[in-house]
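Me: I would like to go through this model with you, taking one question at a time and working each answer through to its end.

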There are 4 protein chains.
Amino acid sequence: VDHGRLLVQCPDKPGIVAAVSTFLTKAGANIVTLDQHSTAEEGGSFFQRTEFHLAGLPAARDELERGFAIEVAEQFGMEFRFSEAAKPKRVAILASKADHCLLDLLWRDRRGELDMQVAMVISNHPDLADQVRPFGVPYFHVPATRANRAEAEQRILDLLRGNVDLVVLARYMQIITPGFLTEVGAPLINIHHSFLPAFIGAGPYQKAKDRGVKLIGATAHYVTADLDEGPIIEQDVVRVDHRHSAGDLVRLGADVERAVLSRAVRWHLEDRVARHGNTTIVF
Amino acid sequence: VDHGRLLVQCPDKPGIVAAVSTFLTKAGANIVTLDQHSTAEEGGSFFQRTEFHLAGLPAARDELERGFAIEVAEQFGMEFRFSEAAKPKRVAILASKADHCLLDLLWRDRRGELDMQVAMVISNHPDLADQVRPFGVPYFHVPATRANRAEAEQRILDLLRGNVDLVVLARYMQIITPGFLTEVGAPLINIHHSFLPAFIGAGPYQKAKDRGVKLIGATAHYVTADLDEGPIIEQDVVRVDHRHSAGDLVRLGADVERAVLSRAVRWHLEDRVARHGNTTIVF
Amino acid sequence: VDHGRLLVQCPDKPGIVAAVSTFLTKAGANIVTLDQHSTAEEGGSFFQRTEFHLAGLPAARDELERGFAIEVAEQFGMEFRFSEAAKPKRVAILASKADHCLLDLLWRDRRGELDMQVAMVISNHPDLADQVRPFGVPYFHVPATRANRAEAEQRILDLLRGNVDLVVLARYMQIITPGFLTEVGAPLINIHHSFLPAFIGAGPYQKAKDRGVKLIGATAHYVTADLDEGPIIEQDVVRVDHRHSAGDLVRLGADVERAVLSRAVRWHLEDRVARHGNTTIVF
Amino acid sequence: VDHGRLLVQCPDKPGIVAAVSTFLTKAGANIVTLDQHSTAEEGGSFFQRTEFHLAGLPAARDELERGFAIEVAEQFGMEFRFSEAAKPKRVAILASKADHCLLDLLWRDRRGELDMQVAMVISNHPDLADQVRPFGVPYFHVPATRANRAEAEQRILDLLRGNVDLVVLARYMQIITPGFLTEVGAPLINIHHSFLPAFIGAGPYQKAKDRGVKLIGATAHYVTADLDEGPIIEQDVVRVDHRHSAGDLVRLGADVERAVLSRAVRWHLEDRVARHGNTTIVF
């Protein structure tokens with residue numbers, strides 16, 4: 001319970017690393033690991049992630065935040081956020097009919113690989129309910145059609161709001177509206193079944209087959225109002241050749257999708273991902 | 001000198017493998033390896049590559065081709081081509097200022113990895129002449145500007161025509177006109193410094209940096225009239241992260257470019273690449 | 001039901017490809033794909049795998065085999081085997097406590113990726129019974145200790161004999177005795193959690209950590225009387241660094257293990273793997 | 001010229017990061033990047049690499065070192081080393097007949113990818129002299145046989161001693177004696193043509209072929225008195241299959257060897273590699 005993380009972001013200037021590490025050390029914390037990144041040699045943005053041990057962190061956290069705001073953050077114009085490793089993020093997973101990404105996340109969670117608490121699974125289809133049941137997670141079926149989209153989104157928002165810190169789209173095949181993004185109050189991570197920016201939009205495996213590419217891939221990214229254009233967290237690829245049908249690409253791609261999505265989710269849960277414009281820094 | 005290859009292509013129907021292999025066996029050839037591909041379960045195109053040993057192949061080749069045309073090719077509506085492994089293809093390499101792809105091809109050739117005879121290097125810059133000299137290959141400097149493009153292309157065509165079986169664009173940074181493609185009389189292989197179809201056009205590494213991708217790549221493809229749209233022969237990628245500048249991507253990408261291009265050239269030289277519309281079959 | 005496969009193996013000599021393909025064509029079969037390999041330029045062994053369509057294969061198979069034996073196999077000293085794609089192999093999966101390889105095989109089977117019929121799961125622990133139940137596969141708990149090994153092996157043999165075509169050791173942590181191999185009457189595929197031949201024996205991840213390797217891997221191989229020395233079917237690796245603990249290697253390695261094992265099983269099920277001494281040919 | 005690096009190593013305890021960063025900041029340095037690693041949660045060794053800018057570093061360095069020794073290093077029982085990025089390491093490359101690793105290093109150096117000054121190339125064969133000449137580096141031919149080993153080593157030591165900061169064995173096929181290691185006064189990096197610890201010793205590609213592995217690799221490591229047992233800096237692999245002869249493995253492996261060696265050398269030149277027992281930390 002004494003394991004904490006501190007994320008900071010500010011305009012780059014000399015002395016930040018020393019100021020942050022001195023503050024933590026004086027507060028009695030032991031720095032376990034410290035990563036930082038500056039986006040340019042001069043005039044860039046500075047990002048830092050620090051993991052530390054501090055005896056009695058839960059009780060000390062409020063004072064730590066107050067002290068940091070006054071003693072460090074102000075002079076550097078810093079945005080910052082403390083988090084406690086002992087408080088796992090609450091996660092909702094949205095899926096449709098494909099099971100591979102959903103099951104992989106639930107399975108990794110059960111093994112203890114992902115530091116999260118899965119609050120619910122929501123699907124626009126009933127198909128996966130039986131597979132989710134053994135994991136002891138609530139499954140909500142919210143049918144979604146072109147006709148009832150607004151109503152369906154509202155039902156999903158009612159389920160999510162206040163209950164989750166992260167929404168994972170695990171091959172959820174419905175459009176997310178800008179209004180939904182505004183209302184949901186938590187970041188969304190999506191898995192796109194292509195190596196973005198190649199093959200944006202629907203049917204990427206068929207497009208990949210038609211174009212004759214020799215590698216196919218998958219991309220996990222934060223969801224923004226621009227479809228398939230959000231900050232990329234992780235990508236990977238697998239080799240294919242002329243003998244593979246579009247169906248084979250779907251099968252081979254599924255393995256990449258679940259691997260890429262689970263890594264992205266893991267890194268987010270560990271507060272390793274900072275957003276910088278339309279890109280990410282993954283510590 | 002007795003090692004031959006037979007490439008065939010025709011509408012798919014039953015009996016082709018048997019017909020081809022029986023013909024070769026009756027002609028006294030020993031089939032060393034035989035690969036085939038059909039593009040669809042029904043109504044597709046059929047491709048086959050056969051390597052064989054035939055004692056006295058150089059003398060027997062004309063009769064072999066005549067016989068094959070009459071006994072096999074006609075009934076299946078086949079296009080076919082015999083080639084002798086002992087007659088390496090004559091290759092021209094076109095480069096600009098970047099040395100990595102050019103040198104890698106020359107090194108591999110000297111080491112005996114590529115079964116080719118490099119007839120000439122042509123560059124629109126004089127810079128690489130010193131580096132090419134030790135390899136004993138003629139270096140032609142053909143300055144090319146927007147103003148003299150037609151004239152420069154004509155000079156290059158004069159150098160190439162009748163002298164080469166393959167033209168390799170080893171990071172040659174000049175536009176190839178449709179007219180050039182029509183005139184040159186040999187296939188062209190280009191290396192594009194991105195994982196096509198992502199980042200088509202100029203400056204792909206900067207585009208990759210701006211988009212925040214987590215892998216960058218390179219693509220070797222046959223050149224067609226559509227820029228960066230020709231049939232892809234080979235692709236590969238390398239992992240990058242937020243710490244890499246656009247300059248780092250150029251450096252890391254160079255290794256992928258030279259590896260991908262050399263594999264594509266090698267496969268072409270061994271008659272392993274068949275074109276099917278805008279895609280390739282690589283046996 | 002008309003999709004068949006023919007596997008042949010014999011001393012290499014000219015004319016085999018033609019003889020086999022002519023036989024099949026005359027028998028009315030359409031060759032879908034044909035792969036072959038010769039282990040040496042002269043005096044080697046020859047291997048061929050042919051997929052074909054033959055209308056009415058189930059009824060015609062006996063005659064096909066008789067004909068092939070007389071007309072082709074005899075003259076070439078061939079071992080051969082016909083199989084029907086419509087008759088999936090019966091598979092037993094042996095596991096212990098680790099779930100990742102077992103579940104991945106069951107998931108892929110449910111999704112239709114593996115052409116098999118899982119006859120049973122056998123484990124020396126009861127732990128995974130709940131996870132297997134939803135898949136509708138019998139789960140047999142056969143406790144195994146140093147004291148009761150012979151008895152436990154006998155119980156397993158009683159379960160397997162005559163009921164399975166393949167036994168998959170999905171991280172089954174018990175020694176397989178030579179006697180068991182002799183009795184079981186089906187091939188065994190094991191997944192070893194290292195990149196063999198590195199780190200043979202127990203505790204490979206800890207050994208890898210101690211040695212400071214930068215990649216860890218997994219190896220799927222046929223089981224022979226020599227521990228970890230059987231013919232390798234498939235291997236893969238994942239990058240690690242100094243920050244990874246031995247526990248992290250276990251976690252990262254698990255993904256490689258399940259991927260490698262599922263590919264090896266898939267290839268075996270499709271009759272793609274030929275054994276040649278202590279190595280394999282994977283068509 | 002104002003870019004410096006500080007490497008420290010000591011028993012782990014709280015406050016090191018703060019102490020180091022505060023010292024540097026007070027000294028007027030701007031920390032550019034800071035990486036650290038602790039080998040265990042408790043009682044481990046601590047390693048840190050810090051890059052910084054300090055105006056007037058060359059003149060200030062002596063005082064910086066004195067100050068650091070007194071103010072920081074003493075209380076933590078620290079070993080430390082300052083280096084200046086503007087002073088590239090002097091490197092000797094030892095080769096035999098194979099050119100790929102040697103040429104790749106020289107070529108990367110010419111491109112500016114490696115921050116080194118190649119002082120000399122030494123070979124026990126004259127073969128590569130012509131290829132080295134265009135790079136403007138002295139080439140010393142020191143014949144080495146079983147009979148004259150002691151004498152040859154002495155000649156090499158005479159060439160190296162005091163002149164180099166790093167010795168790279170670029171497929172140098174002579175045994176390095178413990179006496180040589182003691183005398184040479186600089187670290188040695190070797191490239192072994194296998195994925196260590198698999199296939200230790202001579203002929204690894206033939207051994208790999210015989211064992212039927214599906215991936216082959218290369219390993220760059222510091223040379224110690226135990227053959228092929230030194231701390232591993234970098235490894236990589238490439239996929240092979242049954243169609244590849246031992247000669248093909250040599251060809252494919254050469255690409256991995258040069259890539260792996262050049263990365264290891266690059267990281268060493270940038271002071272990124274710390275040794276911890278028989279393993280490395282690569283920042």
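Me: How many salt bridges does the rule find across the interface of chain B and chain A?
Reply: This is a predicted model, and side-chain atom pairs count only at pLDDT 80 or more. One of the bridges joins E234(A) to R239(B), whose closest N and O atoms are 3.0 Å apart. Across the whole interface of chain B and chain A, the number of salt bridges found by the rule is six.

Me: Which element gives the largest share of the side of chain B that touches chain A?
Reply: Two or more residues of that side come from each of α7 (204–211), β11 (232–239) and β13 (279–282) of chain B. The largest share amounts to seven residues, and the element that supplies them is β11(B).

Me: What area is buried between chain B and chain A?
Reply: The size of an interface is often given as the accessible area lost when the parts come together. Here the contact takes 32 residues from chain B and 32 residues from chain A. On the side of chain B, the residues that lose the most area to chain A are R211(B), K214(B) and H242(B), which together make up 29% of what that side buries. Carbon and sulfur atoms give 57% of the total between the two chains, and that total is about 2500 Å².

Me: Within chain A, which element gives the largest share of the side of domain 1 that touches domain 2?
Reply: Chain A is divided into domain 1 (3–84) and domain 2 (89–282), and the contact takes 11 residues from domain 1 and nine residues from domain 2. Across this interface the rule finds three salt bridges, and E51(A) forms a salt bridge with R272(A), with the closest N and O atoms 3.7 Å apart. The elements of chain A that give two or more residues to the domain 1 side are β1 (3–11), β3 (45–53) and β4 (79–84). The largest share, four residues, comes from β3(A).

Me: How many of the 11 residues of helix α1 (residues 16–26) of chain B are buried?
Reply: A residue counts as buried when its relative accessible area is under 20%. In α1(B) that holds for I16(B), V17(B), A18(B), A19(B), V20(B), S21(B), F23(B) and L24(B). The helix is therefore mostly covered under this cut-off, and the number of its residues that are buried is eight.

Conventions
Residues are numbered from 1 along each chain as its sequence is written. Chains are lettered from A and ligands numbered from 1 in the order in which they are written. This is a predicted model: local features need pLDDT of at least 70, side-chain atom pairs count only at pLDDT 80 or more; totals for chains, interfaces and linings use all residues. Side-chain values use heavy atoms; hydrogens and water are left out. Buried means under 20% relative accessible area, exposed over 50%, partly exposed in between (1.4 Å probe, protein chains only). Contact means heavy atoms within 4.5 Å. Buried area is the accessible area (1.4 Å probe) that two parts lose on being put together, summed over both. A salt bridge is a side-chain nitrogen of Lys or Arg within 4 Å of a carboxyl oxygen of Asp or Glu. Domain bounds come from an automatic or database domain assignment.
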